[in-house]
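Here is a short briefing on one protein chain. Look at the structure first, then work through the points by topic.

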Amino acid sequence: MADDLFSVKDQIVLVSGASRGIGRGIAQGFADRGAVVVITGRVAETLEETARQLSRSGAQVHAKVCDASDAKALQKLADDVVAQFGRIDTLVNCAGVNKRMRAEQYDEATYDYITNINIRGAFFLSLAVGRHMIQARSGNQINIDSINSHRPLRRVAPYAMSKAAMSHMTRSLAMEWGEYGIRVNAVAPGFIATDLAKPVLANPAIDEWRRKNTPLGRVGTPEDIAAACIFLASPAASYITGQVLYVDGGTTCGLFWPLEV
């Protein structure tokens with residue numbers, strides 16, 4: 001018997017930061033399940049190649065270049081998607097950047113680069129899409145958070161701060177927009193095997209620490225994050241809003257001290 005409880009078929013889904021990594025995995029997850037997916041990023045060549053690759057199986061994936069730190073560009077993006085497709089059912093706020101260094105080494109330019117994309121851009125894209133969702137009195141937004149919003153890792157202070165802000169942004173917008181039938185949630189990935197993360201995870205010391213601090217043992221994949229987003233976008237999650245779902249193999253569930261018995 002067909003069951004649409006977890007279906008995202010025919011949804012119009014906008015995914016920011018989708019040219020690679022987790023964003024690309026999320027876009028592919030929705031596209032493979034019959035959604036019409038619009039992906040955004042800053043580099044036209046990379047973005048368009050991603051759209052071509054994801055469309056090879058007949059999926060509907062469309063590329064729109066947009067600077068995630070430009071509020072006016074984000075509003076135009078939302079307006080253009082609605083003009084072309086009639087609505088936006090699901091927004092996935094995935095665009096994000098990071099630079100690892102000691103806190104005292106950050107300068108203003110680096111701080112602004114990280115926070116302008118990670119939280120300022122995410123907020124204004126949520127608002128741009130949210131205005132259309134308010135008019136439609138329906139919609140779903142999913143913010144890609146991080147385990148750094150639970151406890152910050154060292155040497156990524158501005159990134160961790162931006163993700164902590166995203167957690168509260170998620171709750172705040174859920175509180176304000178629930179009356180319009182709009183749900184807002186977040187997915188917080190743990191250690192995910194993307195091309196950017198693989199060199200770090202390949203470090204023997206990091207790999208040993210990760211294995212000892214992840215109850216499920218393995219590294220996560222972009223598909224794991226996509227699955228959580230698909231669930232939150234589906235009718236199965238229709239009574240879930242304002243939540244941060246940690247998809248981390250159990251890393252944040254406790255402190256793992258080195259005692260065997």
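The protein chain carries 28 positive and 26 negative side chains. The centres of these two sets lie 2 Å apart. Keep in mind that this is a predicted model.

**Overall build**

- The protein chain contains eight helices and seven strands.
- Its radius of gyration is 18 Å, close to the 18 Å that the globule rule gives for 261 residues, so the chain is as compact as a globular protein of that length.
- Along the principal axes, the C-alpha atoms fill a box of roughly 55 × 50 × 40 Å.
- Take the contacts in the chain with a separation of 6 or more: 73% of them are between residues 24 or more positions apart.

**Inside and surface**

- Of the 261 residues, 46% count as buried.
- The accessible surface of the protein chain comes to about 13600 Å².
- Carbon and sulfur atoms account for 53% of that surface.

**Aromatic pairs**

- How many aromatic pairs does a search of the whole structure find? The search finds three.
- One of them joins phenylalanine 123 and phenylalanine 124. Their centres are 5.4 Å apart, with 75 degrees between the planes. This pair is edge-to-face.
- Is phenylalanine 123 buried or partly exposed? Phenylalanine 123 has 31% relative accessibility, so it counts as partly exposed.
- Phenylalanine 124 has a relative accessible area of 29% and is partly exposed.
- Another pair is formed by phenylalanine 191 and tryptophan 209. The ring centres lie 5.7 Å apart and the planes are at 90 degrees, so this pair is edge-to-face. The cut-off for that label is an angle over 60 degrees.
- Where do these two residues sit? Phenylalanine 191 is in the loop between strand S6 (182-189) and helix H6 (198-201). Tryptophan 209 belongs to helix H7 (residues 204-212). The pair therefore ties together parts that are 18 residues apart in sequence.
- Phenylalanine 191 has 19% relative accessibility, so it counts as buried. Buried means under 20%.
- Tryptophan 209 is partly exposed, at 40% relative accessibility.

**Glutamate 48**

- Glutamate 48 is part of helix H2 (residues 44-55).
- With 40% relative accessibility, glutamate 48 counts as partly exposed.
- How far apart are glutamate 48 and valine 61 in sequence and in space? They are 13 residues apart in sequence. From C-alpha to C-alpha, the distance in space is 9.6 Å.

**Positive phi angles**

- Aspartate 10 is not a glycine, although its phi is positive, at about 70 degrees.
- Aspartate 10 is found in the segment before strand S1 (12-15). The residue has a relative accessible area of 46% and is partly exposed.
- Arginine 155, also a residue other than glycine, has a positive phi near 75 degrees.
- Which loop holds arginine 155? Arginine 155 lies between strand S5 (139-144) and helix H5 (157-177). At 33% relative accessibility, arginine 155 counts as partly exposed.

Note on methods. Residues are numbered from 1 along each chain as its sequence is written. This is a predicted model: local features need pLDDT of at least 70, side-chain atom pairs count only at pLDDT 80 or more; totals for chains, interfaces and linings use all residues. Side-chain values use heavy atoms; hydrogens and water are left out. Helices (H or I, at least four residues) and strands (E, at least two) are DSSP runs, numbered from the N terminus. The radius of gyration is taken over C-alpha atoms; the globule rule is 2.2 Å times the number of residues to the power 0.38. Buried means under 20% relative accessible area, exposed over 50%, partly exposed in between (1.4 Å probe, protein chains only). Contact means heavy atoms within 4.5 Å. Accessible areas come from the Shrake-Rupley method with a 1.4 Å probe; for residues, only the protein chains shown count as cover. Lys and Arg count as positive and Asp and Glu as negative; His and the chain ends are not counted. The place of a charge is taken as NZ of Lys, CZ of Arg, CG of Asp or CD of Glu. Rings of Phe, Tyr and Trp (its six-membered ring) pair if their centres lie within 6.5 Å; planes under 30 degrees apart count as stacked, over 60 as edge-to-face and the rest as tilted.
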